[in-house]
Amino acid sequence: MKQNWAWHILEWHGWTICNHATLPAKCVVCIAPHTSNWDFVLGILFRHAMGLQISFFMKKEWFRFPLGGLMRRLGGIPVDRSRHAALTDQMADAFAQHERFYIAVTPEGTRSYTTDWKRGFYVIACKAQVPIMLGYIDYAKKELGFGRLFAPTNDVETDMAAIKGFYKNIAAKKPEQFGY
């Protein structure tokens with residue numbers, strides 16, 4: 001695993017990968033904090049370093065020429081933000097159709113400050129009956145990884161508080177923009 005280019009780039013820049021949980025065959029990967037476009041770059045490097053096929057959501061505007069083809073090859077799924085319910089159903093169906101499937105979601109839904117996290121990742125996990133892997137990018141420690149596997153209980157308020165609590169001590173690139 002350490003022989004690939006992505007691992008070497010991360011190491012060269014002082015980043016380490018620390019996985020505290022084992023990735024199951026299927027899960028929603030919650031990635032936070034998300035305050036910078038560098039989070040995407042680090043996420044792609046992490047994915048390649050680990051040899052994983054993890055898809056991700058990105059607003060549909062990124063899928064226009066000239067970046068559209070690249071985004072799709074990297075695993076991107078364009079999102080039309082006006083169609084929330086249809087997307088969660090489509091993702092639940094995708095989980096049912098695959099033996100192994102991962103979708104990464106940034107719950108903040110923006111790089112700007114917000115304490116109102118989007119719940120689509122949670123809804124997808126509940127509909128697909130899969131766990132949520134709490135993934136993180138900690139800029140203070142220069143650490144990327146999977147922190148904990150979380151099983152949704154369908155008590156959305158309690159579960160969201162627990163998920164946000166996991167990220168309380170994770171340092172964002174721009175801490176003033178991270179509202180857990």
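Two rings of Phe, Tyr or Trp form an aromatic pair if their centres lie within 6.5 Å. Keep this in mind as you work through the exercises below, and remember that the model is predicted.

**Exercise 1. How many aromatic pairs does a search of the whole structure find, and how is the pair of phenylalanine 46 and phenylalanine 146 arranged?**

Solution. 
- Step 1: Searching the whole structure gives six aromatic pairs.
- Step 2: In the pair of phenylalanine 46 and phenylalanine 146, the rings are 5.2 Å apart, centre to centre, with 85° between their planes.
- Step 3: Now find both partners in the chain. Phenylalanine 46 belongs to helix α2 (residues 38–50) and phenylalanine 146 to strand β7, so the pair links distant parts of the chain, 100 residues apart.
- Step 4: Both phenylalanine 46 and phenylalanine 146 are buried.

For a further look at aromatic rings, find the cluster made by Trp117, Tyr136, Phe166 and Tyr167.

**Exercise 2. In which order do the seven strands form the sheet, and which are the edge strands?**

Solution. 
- Step 1: Reading across the open sheet, the order is β1-β7-β6-β2-β5-β3-β4, and the pairing is mixed.
- Step 2: β1 (16–17) and β4 (76–79) are the edge strands, as each pairs on one side only.
- Step 3: Look at one pairing. Seven bridges join strand β6 (residues 132–138) to strand β7 (residues 143–150) in the antiparallel sense.
- Step 4: Aspartate 138 is found opposite glutamate 143 of β7.

**Exercise 3. Which side chain of opposite charge is nearest to aspartate 159, and how far away is it?**

Solution. 
- Step 1: Start by locating aspartate 159, which sits in helix α6.
- Step 2: The nearest side chain of opposite charge is arginine 148, 7.9 Å away.
- Step 3: A salt bridge needs a side-chain nitrogen within 4 Å of a carboxyl oxygen. Aspartate 159 has no salt bridge, although it is buried.
- Step 4: Beyond its neighbours within four places in sequence, aspartate 159 is in contact with Tyr122, Phe150, Pro152, Thr153 and Asn154.

**Exercise 4. Why does glycine 120 count as partly exposed?**

Solution. 
- Step 1: Glycine 120 is part of helix α5 (residues 120–128).
- Step 2: Buried means under 20% relative accessible area and exposed means over 50%.
- Step 3: Glycine 120 counts as partly exposed because its relative accessibility is 28%.

Note on methods:
Residues are numbered from 1 along each chain as its sequence is written. This is a predicted model: local features need pLDDT of at least 70, side-chain atom pairs count only at pLDDT 80 or more; totals for chains, interfaces and linings use all residues. Side-chain values use heavy atoms; hydrogens and water are left out. Two strands pair if DSSP finds at least two bridges between them. Helices (H or I, at least four residues) and strands (E, at least two) are DSSP runs, numbered from the N terminus. Rings of Phe, Tyr and Trp (its six-membered ring) pair if their centres lie within 6.5 Å; planes under 30 degrees apart count as stacked, over 60 as edge-to-face and the rest as tilted. Buried means under 20% relative accessible area, exposed over 50%, partly exposed in between (1.4 Å probe, protein chains only). Lys and Arg count as positive and Asp and Glu as negative; His and the chain ends are not counted. Contact means heavy atoms within 4.5 Å.
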